[in-house]
Amino acid sequence: MRQALSLGRASWRRVRFELARRLRPAVEGRFQPYNHTLPDRYPWLFDFAAAALRDAASPRLLSFGCSHGEEAFSLRRRLPSAVIKGVDIDPANIAACLARSHRSNEARMGFEVGSSARNEPSDHYDAVFCLAVLCHGDLTVSRAQRSEPLMRFQDFERSVVDLARCLKPGGLLFLHTTNFRFCDIIAAEGFDVVLEARPSQMAPDVLFDREGRLMPGERYLPVGFRKRKPPA
């Protein structure tokens, strides 16, 4: 009986959490409703970035949608001289990041609550990471045929254009696990693809076109892009 009651309480907690998440008011700049992350989640991507930036004396990195900071600290291990900033919409996530950086005595890492990169300086970062942020997990689970109202292409494009603006010419933009394709935004014309994922390195998240219509079976493998330098 006690075991049944315990299972019942656990099920009720999951139901309450799910209802609260689904009924949570929309917040500008919030895409992914889940905070799930893992240590060193994309080692092949982080290794590529570290190799590409190895000649930079003190590269500036932006971890956009940094969650609990696993991404930022994975990058720190590979690029010990980097100046790293993490931005996340959830104040509780940023509090966890700040506590961890304080325990580690990290003087070259900073974290800030934010829903966009609009306040970041232009032509500033050597690399920007936006991984599993510009997507909504429920679109895949529910087998949605349209991205709206959970996601709109215009919001995706606006966020990515802001991230692109923050990059130095020659800087690297990493987008992994999104519900739209980078190649569909106008800003993509100013970038070259430098890294593609293998199919096994891709999440199962579905893709939508500019009009928010499902693209059945579509897989978009480019995940790393270099901002072109202006002609001399």
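**Note on salt bridges and the nonpolar core**

1. Aspartate 47 is partly exposed, at a relative accessible area of 43% (buried means under 20%, exposed over 50% and partly exposed in between, with a 1.4 Å probe and protein chains only). The model is predicted: local features require pLDDT of at least 70 and side-chain atom pairs pLDDT 80 or more, whereas totals for chains, interfaces and linings use all residues. Residues are numbered from 1 along each chain as its sequence is written, and side-chain values use heavy atoms, without hydrogens and water.

2. Aspartate 47 pairs with arginine 78 in a salt bridge whose closest N and O atoms are 2.7 Å apart (a side-chain nitrogen of Lys or Arg within 4 Å of a carboxyl oxygen of Asp or Glu). Arginine 78 belongs to helix H3 (residues 70–78) and aspartate 47 to helix H2 (residues 43–52), so the pair ties together parts 31 residues apart in sequence. Helices (H or I, at least four residues) and strands (E, at least two) are DSSP runs, numbered from the N terminus.

3. Cysteine 130 lies in strand E4 (residues 125–131) and, at 1% relative accessibility, counts as buried. Beyond neighbours within four places in sequence, cysteine 130 is in contact (heavy atoms within 4.5 Å) with residues including Phe64 and Leu163.

4. The largest nonpolar core has 30 residues, and Leu163 is among those with the most contacts inside it. Such a core is a set of buried Ala, Val, Leu, Ile, Met, Phe, Trp, Tyr and Cys residues joined through side-chain atoms within 4.5 Å. Helix H6 (153–166) is one of the elements giving two or more residues to this core; H6 gives the most, with six residues.
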